[in-house]
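Subject: Structure handover

Hi,

Here is the structure I promised you. Please load it first, then read the notes below.

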Amino acid sequence: MKKIIVTGGAGFIGGNFVHYMLKKYSDYKIICLDCLTYAGNLETLEIVLDNPNFRFVKADITDREAVFKLFEEEHPDMVVNFAAESHVDRSIENPGIFLKTNILGTQTLMDACRRFGIERYHQVSTDEVYGDLPLDRPDLFFTEETPIHTSSPYSASKASADLLVGAYYRTYGLPVTISRCSNNYGPYHFPEKLIPLMIINALHNKPLPAYGKGENVRDWLYVEDHCKAIDLIIHKGTVGEVYNIGGHNEKTNIEIVKIILKELGKSEELITYVTDRKGHDLRYAIDPTKIHNELGWLPETKFEDGIKKTIRWYLNNKGWWEKIISGEYKNYYEKMYVDK
Ligand code: NAD
Ligand code: DAU
């Protein structure tokens, strides 16, 4: 039986990864380490809380004592670090917590790995560490060789963590891998992010706030395809390597918004153009050649199907998001969007 600590497993991608791994490996123990910030939600894990192969531990990845105690108890074979402050807009308002969690949290986890020994430490990073690409050069893509060139406090904190992971590999020989994925979408996505925010606003006939001209491009990947890629990397990837993950599925934000409105049978008159994000990255686009050639990974869910599945999930799981939008998140929404 392998033991994997999955940090941030009560969040969007980590939660999907916990479900994916428990389903796929009946002989693995998955230990979720999550301190349940505003973005962490135990309801995402409700259906596995009683699974004997699952354990939930409420702790902060920057809390050395708690992290070391967990390693002493469990002696994990692998750590997959999803835990992070993940929202660019929040990082622009309040960078401090991003530096603490995303950089120092990564350090704490890797120190525990060094102390207790580990087969693999995997860092879940992002394509945002490469900065952005111009809108008028569709021939350009991010490869693993693209220089780090960050724009927001969020991406700078993720890039700093990546550099630290590389340093722990080179200096201490820690067996690490890093993955850099493009924008994910799917079930359990927190409503502050573009796709769930637009679905939920459209359902309430509220304005859909497109930043700037809505022309920025993101490269969307269904979350389960990201989980499959990480599963391959931790089992078959080469130690010390970086793997880009993305499915050549670029769309402008306004295209995404229009697809959602059409699917829900709502009017495009709901679209409202609002003040642009500061330092807004223009275009992300991943070249996934390396992970395809070395590990045989290819995205399986087409966007047309994935977005339909996602919308259906939000329609069938209103209880999950209604609690979020009526709580603390309501104050965040009012602060960020009223008068924008
Ligand atoms: P999320 O915000 O939905 O979830 C983050 C989780 O981490 C939450 O459960 C939260 O409670 C937990 N967490 C935060 N700080 C913590 C701390 N100090 N200690 C313990 N737990 C803590 O994030 P997400 O969108 O699921 O992203 C997961 C990871 O994937 C992040 O590292 C992010 O940078 C990366 N990533 C995200 C995307 C995307 O499109 N969402 C794409 C590429 C990479
Ligand atoms: O590329 C990977 C990254 O994708 C991850 O590292 C981040 O954790 C994740 O949050 C995501 O970052 P983005 O900034 O691309 O995602 P977000 O959903 O916040 O925004 C997507 C695009 O939509 C972006 O161009 C900004 C725009 N946007 C967003 C919101 C919330 C709007 O136009 N209106 C909005 O209300």
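First, a term. A polar contact here is a pair of N or O atoms within 3.5 Å. The model is predicted, so please read every distance below as computed from a predicted model.

Ligand 2

An oxygen atom of ligand 2 sits 2.8 Å from a polar backbone atom of Ser-86. A nitrogen atom of ligand 2 is 2.8 Å from a polar backbone atom of Pro-209. Arg-277 uses its side chain: one of its polar atoms lies 2.6 Å from an oxygen atom of ligand 2. How much of the accessible area of ligand 2 does the protein cover? The protein covers 94% of the 700 Å² that ligand 2 has on its own.

The shell around ligand 2 counts 25 residues. The closest are Asp-127, Tyr-154, Arg-277, His-280 and Tyr-337. By class, the shell splits into 11 nonpolar, 8 polar and 6 charged residues. Two elements to highlight are helix H6 (194-203) and strand E8 (208-211), each of which supplies at least two residues of this shell.

The chain

The chain has 340 residues, and 57% of them count as buried. Its secondary structure comes to 12 helices and 13 strands. The C-alpha atoms fill a box of roughly 55 × 45 × 35 Å along the principal axes.

Contacts reach across the sequence. Among contacts with a separation of 6 or more, 83% join residues 24 or more positions apart. The chain exposes about 14600 Å², and carbon and sulfur atoms supply 50% of that area.

Leu-104

One residue to look at is Leu-104, in helix H4 (residues 96-116). Is Leu-104 buried or partly exposed? Leu-104 is partly exposed, because its relative accessible area is 45%, and that class runs between 20% and 50%. Leaving out residues up to four places away in sequence, Leu-104 touches Thr-62 and Leu-99. Leu-104 and Ser-157 are 53 residues apart in sequence. In space, their C-alpha atoms are 9.7 Å apart.

Best wishes

Conventions: Residues are numbered from 1 along each chain as its sequence is written. Chains are lettered from A and ligands numbered from 1 in the order in which they are written. This is a predicted model: local features need pLDDT of at least 70, side-chain atom pairs count only at pLDDT 80 or more; totals for chains, interfaces and linings use all residues. Side-chain values use heavy atoms; hydrogens and water are left out. A residue is near a molecule or strand if one of its heavy atoms lies within 4 Å of it. A polar contact is a pair of N or O atoms within 3.5 Å; within protein, one must be able to donate a hydrogen and the other to accept it, and residues adjacent in sequence count only if both atoms are side-chain atoms. Accessible areas come from the Shrake-Rupley method with a 1.4 Å probe; for residues, only the protein chains shown count as cover. Helices (H or I, at least four residues) and strands (E, at least two) are DSSP runs, numbered from the N terminus. Ala, Val, Leu, Ile, Met, Phe, Trp, Tyr, Cys and Pro count as nonpolar, Asp, Glu, Lys and Arg as charged, and the others, Gly among them, as polar. Buried means under 20% relative accessible area, exposed over 50%, partly exposed in between (1.4 Å probe, protein chains only). Contact means heavy atoms within 4.5 Å.
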